[in-house]
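Subject: Structure for your review

Dear colleague,

Please find below the structure that I am handing over to you. A summary of what was found in it comes after the display.

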Amino acid sequence: MSDQPRPRDRYAVIGNPIAHSKSPSIHAKFAAETGEPLEYDRLLAPLDGFVEHVEAFRAAGGRGLNVTVPFKLEAHALAHRLSPRAAAAGAVNTLRFDKDGIFGDNTDGFGLVRDIEVNLGVSLKGARVLLLGAGGAARGVVLPMLERHPGEITIVNRTAQKAHVLIEQFEGAAREFACLINGGGPQAVDARHYDVIVNATAGSLDAALPECDARAFGAGTLAYDMMYGAQPTVFMRHAESLGARASDGLGMLVEQAAESFFVWRGVRPDGAPVLAGLRAQLAAQV
Ligand code: ATR
């Protein structure tokens with residue numbers, strides 16, 4: 001028996017910008033927790049250099065990448081094989097390199113669902129769900145949500161046409177899961193409270209509140225913003241002022257990372273302690 005440490009497999013997160021990414025510290029904690037021998041870095045790729053950077057990392061023995069803004073569509077195009085959830089999302093946040101080539105997956109929607117159901121304790125089964133937004137972020141969460149058998153998903157977007165395109169895309173899957181799917185422009189919001197409202201618009205980036213009937217929020221509503229920051233977002237504050245319970249997207253960040261880790265290593269880390277640590281760090285910034 002040798003006392004040599006096992007060689008560590010290499011992973012990284014690639015994006016532009018990338019300096020702010022919390023993924024390296026999250027994955028370092030997962031590696032420590034599970035004992036998996038891996039290292040995880042940051043890769044800054046120029047806007048026109050994504051494919052070259054991925055190929056160089058892969059050629060140097062890299063085993064997988066997380067992909068972030070603005071490269072998720074290019075990663076989708078680059079993958080040789082896609083998971084069903086990545087195909088439905090039209091975007092890839094996780095690449096795995098193996099003997100069969102480049103496998104593309106998308107763990108964002110799974111991360112959202114797991115945060116809602118496990119960390120926040122709200123079951124989606126039979127739930128009335130309102131999804132605000134119809135861009136890439138919204139598209140990525142619809143299939144993982146449907147897989148949890150909600151009763152109804154209403155997709156509402158400032159530009160109604162984009163909501164209709166999403167509804168059409170997921171109509172077949174919704175039928176399969178016996179879920180009603182509908183929506184359109186902001187007037188398609190029901191005037192009675194939903195169980196879960198997810199803000200998947202880019203609004204929180206510039207402190208903008210997506211238009212939404214106040215009667216959609218009630219005491220039994222979980223209002224979930226996919227963004228996070230040191231302070232509650234405007235959407236969270238608005239939801240709380242209407243009596244709802246609000247959450248930011250920090251748990252989604254941790255849980256999508258845990259699922260990527262599982263895609264790479266076949267081992268599922270526990271997200272809860274890592275989330276608690278990040279939450280404490282954010283609170284210390286206030
Ligand atoms: P992402 O990948 O983050 O989803 P995106 O594909 O550009 O980014 O989509 C942004 C989403 O946020 C869209 O649904 C957009 O609405 P439009 O389709 O009408 O543009 C929504 N959005 C952005 N700013 C918004 C605001 N101030 N109010 C409401 N919706 C907003």
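Predicted model: local features only at pLDDT ≥ 70, side-chain atom pairs only at ≥ 80, totals over all residues.

Residues are numbered from 1 along each chain as its sequence is written, and side-chain values use heavy atoms, with hydrogens and water left out.

**First sheet**

Six strands form an open sheet in the order β2-β1-β3-β5-β6-β4, with mixed pairing. (Helices, H or I of at least four residues, and strands, E of at least two, are DSSP runs numbered from the N terminus; two strands pair if DSSP finds at least two bridges between them.) The edges are held by β2 (38-44) and β4 (81-82); each has a single partner strand, so one side of each is left without a neighbour in the sheet. β4 pairs with strand β6 (residues 101-105) in the parallel sense over 2 bridges, and arginine 81 has phenylalanine 103 in β6 as its bridge partner.

Helix α1 (residues 23-34) lies across β1 (9-15), β2 and β3 (64-67), and runs at about 175° to β2. Helix α9 (residues 250-265) also packs on this sheet, where it touches β1, β2, β3, β5 (94-98) and β6, and its direction makes about 10° with that of β5. Contact here means heavy atoms within 4.5 Å; axes are lines fitted to C-alpha atoms, for helices over the stretch in contact, and angles run from 0 to 180 degrees between N-to-C directions.

Strand β11 (residues 222-225) runs parallel to β12 and is joined to it by 3 bridges; alanine 223 stands opposite alanine 246 in β12.

**Second largest pocket**

Helix α5 (residues 108-119) also provides the largest share of the lining of the second largest pocket, 5 residues. The lining consists of Arg85, Phe110, Val113, Arg114, Glu117, Val118, Pro144, Glu147 and Arg148. (On a 1 Å grid over the protein atoms alone, a pocket is an open set of points where a 1.4 Å probe fits, with protein on both sides within 12 Å along at least five of seven lines; lining residues have an atom within 4 Å of a point.)

**Backbone details**

Most residues other than glycine have a negative phi, and most peptide bonds are trans. A cis peptide bond joins asparagine 16 and proline 17, with omega about 5°; proline 17 lies in the loop between β1 and α1. Another cis peptide bond joins valine 69 and proline 70, with omega about 5°, and proline 70 lies in the loop between β3 and α3 (72-78).

**Annotated span**

UniProt, in an unreviewed entry, places the feature "domain: SDH C-terminal" at residues 249-270. (UniProt positions are in the numbering used here, feature names are shortened, and annotations may be inferred rather than shown by experiment.) Over residues 249-270 the chain is 73% helix and 0% strand.

With kind regards
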